Structure formats: structure tokens, C-alpha cells
Amino acid sequence: MTSGIGVADDLAGVNLADPATFAGPGLDEVWRRLRATRPVWRHPRTVHGPHFWVVTRYADALAVYKDPATFVSGHGNMLTSLLTGGDTAGGKLLAVSDVPRHTAVRATLLRSFSPRMLKPVLDAVRSRADRLVAAMVTAGGGDFARDVADELPIGTICDLLGVPPADRAALLRLSKQALSSDVPDQPDHETWLARNEILLYFHGLAADRRRNPRDDVISTLATCDVQGAPLTDEEVVLNCYGLILAGDETSRLAMISAVLNFVEFPAQWRALRRGEVSPDDAVEEILRWNTPAMHVGRVARRDAVLGGQSIPAGDVVTVWNASANRDEEVFDRPDVFDLGRSPNKHLTFGHGPHFCLGAFLGRAEVRAVVDALRRRVRTIELRGRPTPLYSTFLRGYSSLPVAFGPAG
């Protein structure tokens with residue numbers, strides 16, 4: 001099987017297990033073909049691992065999300081780990097846990113990520129976004145990924161976790177290596193090393209917080225009781241790891257893609273600047289259109305039927321939000337980028353018990369950047385080609401050189 005994205009009748013040219021597939025042109029036509037003809041498709045074995053199921057329609061995606069008893073998360077939630085034997089953090093990291101453990105740990109963390117608790121954080125998010133965009137406007141432009149997007153989400157999640165400012169640049173570098181690459185052939189050992197460096201770093205911080213708790217999320221994890229017992233050191237460290245990755249990647253990639261969207265769709269950019277569409281609606285369309293986390297993985301705990309297909313127990317099932325967010329049965333003119341789109345019930349943050357814990361914060365971060373751009377920038381021009389990510393999980397760009405013309 002090749003890494004091309006041709007749409008032959010037998011889909012022989014489509015390899016969703018190859019990161020290179022997603023660094024090229026968009027897969028819109030592939031998703032459209034699958035939704036129309038094979039909405040629940042058994043992807044054949046590749047050099048990357050065994051066969052797996054590909055779910056592309058919105059209704060079938062919801063069916064998976066709403067049935068966590070059948071489609072479980074404990075083996076992993078990303079294709080790369082599921083194809084190589086499962087996630088070793090299963091049952092310990094929130095994102096790859098099932099009930100009742102998932103419910104208990106999530107309830108503990110929800111207190112730290114509720115809108116009420118995050119309200120003081122939002123002022124800092126808006127201030128940081130405005131400062132970063134203003135500096136780039138003064139400079140006339142730069143690399144938006146490096147100068148703005150790399151700074152905002154990582155700074156916010158590190159504030160919440162209690163990570164010292166001096167350590168944040170290194171964590172951002174490791175976070176990028178852990179889930180994606182700027183090159184098509186990043187060695188597996190580099191990904192492994194990046195993930196383990198993050199774990200070792202949080203092991204030290206968690207030990208400190210057990211002795212000297214503070215008002216931060218690491219301290220919450222290190223000192224809480226869940227189901228009548230403290231979290232183990234491994235559980236604390238793994239959940240810190242999960243939060244730093246989840247708290248950075250989706251919103252960072254969404255805001256980078258938003259700037260590229262404004263270049264590609266100038267009429268939509270003008271409508272936003274003139275106040276013809278609200279920043280809140282614009283954020284939802286940016287999230288739908290780009291879907292930075294393209295899929296979510298599950299394993300069938302028992303035999304199931306989905307979209308008319310019989311799925312045997314033990315098979316890997318991948319829900320492709322990137323396709324469900326373009327489903328013609330749900331979205332009017334789904335292939336049109338419309339910042340005023342309403343309703344817009346996209347699945348970018350998932351659905352059901354595993355709905356993204358940081359969705360409220362992620363939306364606030366993207367909104368802060370969109371609002372700062374709307375107020376401070378008049379024109380946006382590309383200064384070079386965006387650098388795409390190589391990943392089967394994340395979709396976006398690691399570099400976006402642009403020129404900004406200041407607003408009057």
C-alpha cells in the first residue's frame with residue numbers, strides 16, 4: 001500500500017496509517033467518497049500495523065462516542081499506539097481510561113477546568129494574546145506559529161499546571177516531537193525519547209508538589225483522593241503528560257490554521273473585521289474546518305454492528321472527526337468556510353464521556369487570538385510556504401510566515 005491519497009474505486013491508494021498522507025493536499029475527496037460509499041470501512045493491513053475500521057459519518061461517530069461500554073478507550077485513543085499493541089498508559093491516563101476509573105479521575109480534574117475556576121485565567125489569556133499579536137504587528141509580521149501560537153497555549157496550560165516559566169520552551173519542543181514531526185521520517189526513538197523526557201520532568205515536579213502543595217493542577221493531582229485512595233506517582237505523572245499535550249496542541253494548531261484561513265478566504269476575513277460575524281461563531285467554524293485532532297481511536301470490547309458493518313470484538317475502530325465535520329447530512333454546504341455558520345455542532349472536541357476536558361479553555365484561547373487579530377490587523381499576506389506536520393493524529397502547520405498590515 002502506498003502513501004498516496006488517490007481515490008481509486010477500491011481505495012487502494014489510501015493509507016491512513018502513514019503520516020505522509022496528511023502532510024499533502026487535503027483528504028476532502030477521500031472523506032466524501034468514504035461517507036458516500038463505505039462510511040464504516042475496514043482499512044487493510046499496512047506496514048504500520050494490522051487492519052482497522054474507519055468511521056467517517058457524523059451519525060456513526062456519535063454512535064461510537066455514545067457507547068463507551070462497547071467502544072472502549074483503555075487500550076489507547078490514537079491510531080499509532082493502537083496499531084502497535086496499545087497504550088501502556090491504559091487505565092492510568094484519563095484519556096485512555098474507562099469507567100469507573102475515568103469518571104472518578106475526570107470529576108477531580110473538572111474542578112480545575114470548570115468555567116468558574118478558569119475565569120481568572122481568561123484575563124491572562126486575552127492579555128497575552130493581545131500582547132503577542134501587537135508585537136507581531138509592530139514588527140510587520142513574522143512566523144505566526146513561532147511568534148504567537150507557540151507562546152499562548154503552552155503558557156496557559158503551564159500556568160495551570162504550575163510549570164516554572166524557565167522550563168516552558170523545552171516542554172513545547174518535547175510536546176511537538178511527542179505527537180508529530182516537521183519531517184516525514186522522524187525516527188521512532190526520537191518520539192519515544194521526547195515522551196519519556198516529559199514524563200521524567202513531571203515526575204520531579206509531582207514529587208515536589210506532594211511535599212509542598214500549591215494552588216495548581218499538579219498539586220491537585222498529587223494530593224487528591226480518587227475512589228478512596230491517592231493517585232499513584234505513575235498516574236499523577238501520566239495525567240500531567242496528557243494535560244500538557246492536550247492543552248497545547250489543538251488550540252495552537254487551530255489558531256495557526258485560522259490565520260491561513262483568513263489568507264485563503266479574504267471575504268470571510270473582511271466580514272470578521274467589519275463585525276458582520278461574531279468572534280464566537282468564527283471560532284467554531286475555525287475548529288470545524290481545521291479539526292486539528294483528526295481522529296479518536298477505540299477498541300471494540302464485544303462484537304458490534306456499526307453503519308451496517310459487523311465489527312468483531314478486539315478490532316480497532318477509528319472515528320475520523322475530520323470527516324464527520326464535513327458530513328453533508330449534518331452541515332449545510334460543509335465544504336464552504338463560513339465564519340457565520342450556525343448551528344455548528346462539530347465534533348472537534350469529541351462527544352460524550354470523553355468530551356475534551358479543556359474545550360472551554362481551548363475555545364477561549366482561539367477566541368482571544370481571533371479577537372486580537374480582528375482589532376489590530378488589516379491585511380495578512382503569506383511570506384512563504386507553511387510547513388505541514390507529519391502525523392496521523394494532528395493536522396496543521398509548524399511554521400506560517402506572514403506579513404501583517406496594521407489596522408487603522
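**Exercise 1. In which helix is serine 323 found, is the residue buried or exposed, and which residues is serine 323 in contact with?**

*Solution.* Start with the location: serine 323 is found in helix H14, where a helix is a DSSP run of H or I with at least four residues, a strand is a run of E with at least two, and numbering goes from the N terminus. Before going on, a word on the model: it is predicted, so local features need pLDDT of at least 70 and side-chain atom pairs count only at pLDDT 80 or more, while totals for chains, interfaces and linings use all residues. Residues are numbered from 1 along each chain as its sequence is written, and side-chain values use heavy atoms, with hydrogens and water left out.

Next, accessibility: serine 323 has a relative accessible area of 0%, so it is buried (buried is under 20% relative accessible area, exposed over 50%, partly exposed in between, with a 1.4 Å probe and protein chains only).

Then look at the surroundings. Leaving aside neighbours within four places in sequence, serine 323 is in contact with Trp31, Arg35 and Thr56 (contact means heavy atoms within 4.5 Å).

**Exercise 2. Which strands are at the edges of the open sheet, and which residue is the bridge partner of valine 40 in E2?**

*Solution.* First write down the order: the open sheet has 5 strands, E1-E2-E10-E7-E3, with mixed pairing (two strands pair if DSSP finds at least two bridges between them). The edge strands are E1 (40-43) and E3 (71-72), each pairing on one side only.

Now zoom in on one pair. E1 and strand E2 (residues 52-55) run antiparallel and are joined by 4 bridges. Valine 40 has valine 55 as its bridge partner in E2.

**Exercise 3. Which peptide bonds are cis, and where are their prolines found?**

*Solution.* Check omega at each proline. Valine 99 and proline 100 are joined by a cis peptide bond with omega of about 5 degrees; proline 100 is in the loop between helix H3 (79-82) and helix H4 (101-113). Another cis peptide bond joins serine 342 and proline 343, with omega of about 0 degrees. Proline 343 sits in the loop between helix H14 (321-324) and helix H15 (359-376).

**Exercise 4. What is the phi of arginine 333, and where is this residue found?**

*Solution.* Arginine 333 is not a glycine, yet has a positive phi of about 45 degrees. Arginine 333 is found in the loop between H14 and H15. Its relative accessibility is 46%, so arginine 333 counts as partly exposed.
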